[in-house]
Amino acid sequence: MKELECDVIQDLLPSYVDKISSNATNKVVEEHIEKCIKCKNDLNNMTKEMNAKLTKNKEERINYLKGYKKRRQLLIIVSILVTIAILAITFVINVKNKNILLDKYSYIDVNKMNVEYMYIKENEYKNDSTGEIVIQKNLVILLNSEEYKGMYLTGSCEYYESDKEIYYKIAAKKLPKDVFFEEDGLEISLLINDNVEKIYLTYIDDTDKDNVKEIWNSDMKIPSEEEWKKLYN
């Protein structure tokens, strides 16, 4: 009868060790091992094996995470080194070939620049403070010239909302040998409001007062973007 009772307890021990048995079963097991040295030893051995297995699994997870962290750090370092190498090579090539971004500006006569097309593009946005819908008008202009065909044109302007006249400063950069610029001309977009009356084109160095050309004024009738697309597309 004793052996039969031990067989039953032996079947219950795995569930007891895994802590998935019921309270009633736990009570039966605990009462038995208080009296049975063999089952108690078996329980201790099972518990040690379980703890050892849990410890091993924990160490394996920790080692995996450490390895993953090292691999990730290595990947980041390699990516940084590759990026630095690419930037260095690009810089050397740019210097060697006199890249257009490193060249000095070339003087141009703005009176030889022509307006290829011009239209009004409207953008709507919501004023965060008032909640009103505001319509923003941009004047899109494409400047072109046979005189400077194939050159890299660039420009900028300082604009304030109170300005009645806008001076857009333009310059060109000569292309180095064997370097070709597929796009001719320069497309610009200028914000205009009710205050703006005229837009002038000038060289980037505005000391030459004669090198100024008017390209827009408020009396001109300019098509909308939709009208322009119907005409040219």
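This is a predicted model: local features need pLDDT of at least 70, side-chain atom pairs count only at pLDDT 80 or more; totals for chains, interfaces and linings use all residues.
The element names follow DSSP runs, helices being H or I with at least four residues and strands being E with at least two, numbered from the N terminus.

Residues are numbered from 1 along each chain as its sequence is written, and side-chain values use heavy atoms, with hydrogens and water left out.

Staying with Lys 112, its relative accessibility is 38%, so it counts as partly exposed; the scheme calls a residue buried under 20% relative accessible area, exposed over 50%, and partly exposed in between, with a 1.4 Å probe and protein chains only.

How many salt bridges does this rule give? The count comes to 3. Another of them joins the side chains of Asp 42 and Lys 38, at 3.3 Å from N to O, and both residues sit in helix α3 (residues 37-96), 4 residues apart, about one turn of the helix. Lys 38 counts as exposed, because its relative accessibility is 52%.

In helix α4 (residues 225-232), the side chains of Glu 225 and Lys 229 meet in a salt bridge at 3.6 Å, N to O, and, being 4 residues apart, the two are separated by about one helical turn. Is Glu 225 buried or exposed? At 14% relative accessibility it counts as buried, whereas Lys 229 is partly exposed, with a relative accessible area of 39%.

Let me turn, finally, to the strands. Of the 6 residues of strand β6 (residues 198-203), 5 are buried, so this strand is largely enclosed by the rest of the structure. Strand β4 (residues 165-173) pairs with β6 in the parallel sense over 6 bridges, pairing being assigned if DSSP finds at least two bridges between two strands, and Ile 170 stands opposite Tyr 203 in β6. Strand β7 (residues 212-217) runs antiparallel to β6 and is joined to it by 5 bridges, with Asn 217 in β7 as the bridge partner of Lys 198.

Terms used: A salt bridge is a side-chain nitrogen of Lys or Arg within 4 Å of a carboxyl oxygen of Asp or Glu.
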